[in-house]
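Visitor: I have a structure open and would like to go through it. Can you take my questions as they come?
Guide: Go ahead.

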Amino acid sequence: MKRKANVNTDLCVACGCCVKVCPKSAISVPDGVFAVVDSTLCVGCGKCAKECPASVIDIVGVHDEK
Ligand code: SF4
Ligand code: SF4
């Protein structure tokens, strides 16, 4: 099972802090409303979750896509 970032989009304040720290450029705030994770790029490192001032990012286990 891989680990990926998951954003609680209802609570995200679109500050962009997560975007700056992601080593894989896997998270973005494309519409300026909430952060979106590209699960094909995210490696589940947790840096974004640590940085998020609103604590709305969880690192969750996901089954490999087939
Ligand atoms: S868990 Fe790591 S790779 Fe995934 S979005 Fe967050 S900072 Fe980027
Ligand atoms: S750091 Fe947290 S609140 Fe800020 S854009 Fe990322 S997910 Fe949203």
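Guide: Ligand 1 takes up the space of the largest cavity, a cavity being a set of points on a 1 Å grid over the protein atoms alone where a 1.4 Å probe fits but cannot get out. This is a predicted model, in which local features need pLDDT of at least 70, side-chain atom pairs count only at pLDDT 80 or more, and totals for chains, interfaces and linings use all residues. Residues are numbered from 1 along each chain as its sequence is written, chains are lettered from A and ligands numbered from 1 in the order in which they are written, and side-chain values use heavy atoms, with hydrogens and water left out.

Visitor: What surrounds ligand 1?
Guide: Among the residues around it are Cys 22, Cys 42, Cys 45 and Cys 48, each with a heavy atom within 4 Å.

Visitor: Is Cys 22 buried or exposed?
Guide: Cys 22 is buried, because its relative accessibility is 17% and the cut-off is under 20%. Cys 45 is partly exposed at 41%, the class between 20% and over 50%, with a 1.4 Å probe and protein chains only.

Visitor: Changing topic, what does Ile 27 touch?
Guide: Beyond its neighbours within four places in sequence, Ile 27 is in contact with residues including Val 7, Cys 18, Cys 22 and Ile 57, contact meaning heavy atoms within 4.5 Å.

Terms used. On a 1 Å grid over the protein atoms alone, a cavity is a set of points where a 1.4 Å probe fits but cannot get out, and a pocket is an open set with protein on both sides within 12 Å along at least five of seven lines; lining residues have an atom within 4 Å of a point. A molecule sits in a cavity or pocket if more than half of its atoms lie within 2 Å of its grid points.
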